[in-house]
Amino acid sequence: MTGPSGGFNAAFVPFRSEPAPRLCDFRLSQSRFLLMDVLQHLREATRSQHESIEARVDVLRPDLTRAEYRRLLERFYGFYVPLEAALAGAADWERLGFAFHERRKVSHLERDLLCLGLTPTGLRALPRCSELPSAAGLPAALGSLYVVEGATLGGQLIARHVKPRLGLADAAGCAFFTSYGADVGRNWRALGEFLRAQLRTGADVERAAGAAGDTFAKLGSWLARGQERHDGT
Ligand code: HEM
């Protein structure tokens, strides 16, 4: 939730509109609202960048072709390979109690690309992004994590659109966009709890929001460069 200066205000707890809570409800209720504040702040802080990336990704057209879809996944691959590697080393996820390895999506991208006709040699030869968001410090890593995890939400919508049009299935060309299957909501809520537990101060949340914005920006530029290469502009 934003304060007058637009910054994160961890003290915001909108109890006023609630019926008088019982004492035993208090902690649960408070943590729920504070959890909403962290995610809500990240969402608000990156709203315009999400809109830009949504326009850039542009896969909801009825005339989308398999070749265009594959090119998009190739660019995601070129971004996610180095980003996931950087994030893997950015924190001791196991000690923090977060199963980072279960959140990795590069293997989904590989499966999709092979299904769409790329060879293993072609996969290895794909260009990889070298201008990554900084994952230095846990809040920054969590900001990037927020972005790549949030993409699984929009991914459901994208999957529903592309599967029938391109003749794909979850395990045949659409594994990336359907990454978590029926667990997508549960995983998103678990991420929210984790962010809430780790981003303890307003400054941490601001750092995470900055890194989330940077992640959207770097991914956007990377996708744009891919389009330029293809269009020859
Ligand atoms: C055509 C492309 C995209 C569409 C149509 C789309 C659509 C959506 C939708 C509908 C949601 C909300 C889902 C819900 O509330 O249940 C969402 C959330 C989100 N998406 Fe996207 N998305 C797209 C691309 C991306 C990409 C490429 C990324 C980043 C790599 C991304 C990051 C996020 C994030 C971080 C959220 C969570 C926002 C929050 O805090 O609630 N999206 N997207």
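## Around helix α3

Contact here means that the C-beta atoms of two residues, placed from the backbone, lie within 7 Å. Helices (H or I, at least four residues) and strands (E, at least two) are DSSP runs, numbered from the N terminus. This is a predicted model, in which local features need pLDDT of at least 70 and side-chain atom pairs count only at pLDDT 80 or more, while totals for chains, interfaces and linings use all residues. Residues are numbered from 1 along each chain as its sequence is written.

Which residues of α3 are buried? They are Y69, L72, L73, R75, F76, Y77, G78, F79, Y80, L83, E84 and L87. A residue is buried if 20 or more other C-beta atoms lie within 10 Å of its own, exposed if 12 or fewer, and partly exposed in between, with C-beta atoms placed from the backbone. The helix α3 has 23 residues and reaches 31 Å from its first C-alpha to its last, close to the expected 33 Å; the expected span is 1.5 Å times one less than the number of residues. At Y80 in α3 there is a kink of about 25°, shortly before the proline P82. The bend at a residue is the angle between axes fitted to the seven residues ending there and the seven starting there.

## The overall fold

The protein chain holds nine helices and zero strands, so its elements, read from the N terminus on, run α-α-α-α-α-α-α-α-α. Of its 233 residues, 30% count as buried. Among contacts with a separation of 6 or more, 81% are accounted for by residues 24 or more positions apart.

Helix α9 (residues 202-231) has 30 residues, which should span 44 Å at 1.5 Å a residue; the C-alpha atoms at its ends are 43 Å apart, so the two values agree. Just after α9 comes G232, with a positive phi of about 75°.

In soluble globular proteins, nonpolar side chains tend to be buried together. The largest nonpolar core in this model has 44 residues, and L73, F76, Y146, A208 and A212 touch the most other members. Helices α1, α3 (66-88), α5 (106-115), α7 and α9 each supply at least two residues of this core, and α7 gives the most, with 11 residues. A nonpolar core is a set of buried Ala, Val, Leu, Ile, Met, Phe, Trp, Tyr and Cys residues joined through C-beta atoms within 7 Å.

What does A208 touch? Leaving aside its neighbours within four places in sequence, A208 is in contact with L42, P139, A140, L142, G143, Y146 and L199.

## Around the ligand

The ligand is surrounded by 19 residues, the closest being R43, G150, A151, L153 and G154. The elements giving two or more residues to this shell are α1 (23-45), α2 (47-57) and α7 (138-166). A residue counts as near a molecule or strand if its C-beta atom, placed from the backbone, lies within 6 Å of it.

Which helix gives the largest share of the shell? That is α7, with nine residues. By type, the shell divides into 14 nonpolar, three polar and two charged residues. Ala, Val, Leu, Ile, Met, Phe, Trp, Tyr, Cys and Pro count as nonpolar, Asp, Glu, Lys and Arg as charged, and the others, Gly among them, as polar.

Most residues other than glycine have a negative phi. D58, in the loop between α2 and α3, has a positive phi near 45°. With 13 other C-beta atoms within 10 Å, D58 is partly exposed.

Is A136 buried or exposed? A136 sits in the loop between α6 (120-125) and α7 and counts as exposed, because it has 12 C-beta neighbours inside 10 Å. Its C-alpha atom is 6.7 Å from that of A90, 46 residues apart along the chain. E44, in helix α1, is partly exposed, with 14 other C-beta atoms within 10 Å; E44 and A209 are 165 residues apart in sequence and 9.2 Å apart in space, C-alpha to C-alpha.
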